[in-house]
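Subject: Structure handover

Hi there,

Here is the structure I promised to pass on to you.

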Amino acid sequence: MEFESSASLPLAGIKVLDLSAYIAGPYGCALLGDMGADVIKVEPPEGDNLRKYPSTLASESRAFLGINRNKRGLCLNLKDEAGHDVLLRLVREADVLVHNFRPGVPERLRIDFATLSAVNPRLIYCAMTGYGAVGPMARHAGYDQVLQSMTGMCAAQAKADGPPEVLYGSVVDYYGAALISNSVSAALYQREKTGRGQAIEVSLLGSALAMQSARLVWAEGEPRHIERDMRSGGITGIHPTREGHLYLSANTPHFWRALCGHLDLPELADHPDYDTVKKRAAQAAVLVPLVRQALSRASAREWAERFGQSVPCAEVRPVEDMFDHPQVEAMGLMRPYHSKQAGNYLGLAQWAHFGAFGDAQASVGKTSEEATENPTGSANEGTNNGATARAAPSLGEHSEKILSTLGYTTQEIEQLMQSAVVQ
């Protein structure tokens, strides 16, 4: 798979200031960077708290590396007047600013929308909050699993008669990041028509509810507490095999018949008691033992190979298997990076390929080896078929270069560094 060059991506030429921390805000900015935007991560002197999270990588938090790709790093003390002046210079030439301060903090730091839009009326200003800007919880700190617990996700995840369970993987944060990227892109499009910037507010609460829109339907006359999930039940789910576990989905008549054929259970295929998803769910106590007995004849991997395209399924694998999975390689979803703090590593590449069908011939004949050669270039930038792959920056890694582009002299930069306004 050939990667697009950054100049050919849809947000090329857009400058984003990322003042956020943790996951939702920073990853939203990384998604904008993936689409070609020039993202500057502005961190306080103590750095993003995500850098300090537990990690099996000794040099840097694995989460920080994965969430802050395609950014340049500036360490700036916004509480200092000189630091605030630096930010204002950045804002004058920026297109987007994203932060996740709680309501009231931007005003205190003089980085609220009213202040910054006076400096740059075209600025797209996006605030990621926990619970919005108004209401009784507006000033509460919002965290992924807090919102999961509050909005019913943990309750819905619970096994029958079991305790509530957290969905690990920061799903609310990541979905919130996608909403940031989506909202900012829409605002940039609107700015093309109006010439004006605007303020956007995205919340973790809104993100957690948006993820559950299929559950959040309460018809008139219905009781408050009813089954709201979309689980088809019955055969659909994870099953043990002779070795490993296999996820099966056989909801359509076609897939159900194919599954029965593979499992040597032809008598079930057109049985009137099992000929719909609803009936199979009702008869799970009868069907599941039969299916699992048949699955015990081979391993999960063997069944997955045998089913092929005829039955939707997947061997349950660890995430590490994705680094060299042939489908992942074919789509170019991983790429090499190099950073000062972590050295060489593989990480997520582009998740969307713009112009993919029109440019299909450009990648014909490219092998996965050709797509991943030359993994490192200069510090923090790898090159891959003409596209720049920028690893997550070390704290203040690009501070001096960024200041030089803002018109600061060498002497002024040295003074800012010596006074710890910039690091």
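Helix 2 (62-67), strand 10 (334-339) and strand 11 (343-348) each give at least two residues to the lining of the second largest pocket. Please keep in mind that this is a predicted model. The second largest pocket has a volume of about 890 Å³, and 30 residues line it. Nearest its centre lie R62, G66, F323, L346 and G347. Sorted by class, the lining of the second largest pocket holds 20 nonpolar, 7 polar and 3 charged residues.

Now for the largest pocket, which comes to about 1,200 Å³. Its lining takes in 43 residues, and the ones nearest the centre are A21, Y22, N49, N100 and F101. Two or more lining residues come from each of these elements: helix 1 (24-34), strand 2 (38-43), helix 4 (105-109), strand 5 (124-129) and helix 6 (144-150). By class, the lining of the largest pocket splits into 23 nonpolar, 12 polar and 8 charged residues.

What about enclosed space? Rolling a probe the size of a water molecule over the atoms shows where empty space is left. The count here is 1 cavity of 30 Å³ or more. The largest cavity has a volume of about 40 Å³. Its lining is made up of G233, G234, I235, T236, A250, N251, V277, R280 and A281. In terms of class, that lining has 4 nonpolar, 4 polar and 1 charged residues.

On the surface, you will find a nonpolar patch formed by I238, Y247 and V316, with about 260 Å² of accessible area together. One of these, V316, sits in the loop between strand 9 (313-315) and helix 15 (326-331).

Another loop residue to look at is P393, between strand 13 (387-390) and helix 17 (399-405). P393 has a relative accessible area of 0%, so this proline is buried. The C-alpha atoms of P393 and V184 are separated by 23 Å, and the two residues are 209 residues apart along the chain.

Best wishes

Definitions and conventions. Residues are numbered from 1 along each chain as its sequence is written. This is a predicted model: local features need pLDDT of at least 70, side-chain atom pairs count only at pLDDT 80 or more; totals for chains, interfaces and linings use all residues. Side-chain values use heavy atoms; hydrogens and water are left out. Patches are made of residues with over 30% relative accessible area and no salt bridge: like charges are joined within 9 Å, nonpolar side chains (Val, Leu, Ile, Met, Phe, Trp, Tyr) within 5 Å. Accessible areas come from the Shrake-Rupley method with a 1.4 Å probe; for residues, only the protein chains shown count as cover. A salt bridge is a side-chain nitrogen of Lys or Arg within 4 Å of a carboxyl oxygen of Asp or Glu. Helices (H or I, at least four residues) and strands (E, at least two) are DSSP runs, numbered from the N terminus. On a 1 Å grid over the protein atoms alone, a cavity is a set of points where a 1.4 Å probe fits but cannot get out, and a pocket is an open set with protein on both sides within 12 Å along at least five of seven lines; lining residues have an atom within 4 Å of a point. Grid points are joined across faces, edges and corners, and a volume is the space filled by probe spheres set on the points. Ala, Val, Leu, Ile, Met, Phe, Trp, Tyr, Cys and Pro count as nonpolar, Asp, Glu, Lys and Arg as charged, and the others, Gly among them, as polar. Buried means under 20% relative accessible area, exposed over 50%, partly exposed in between (1.4 Å probe, protein chains only).
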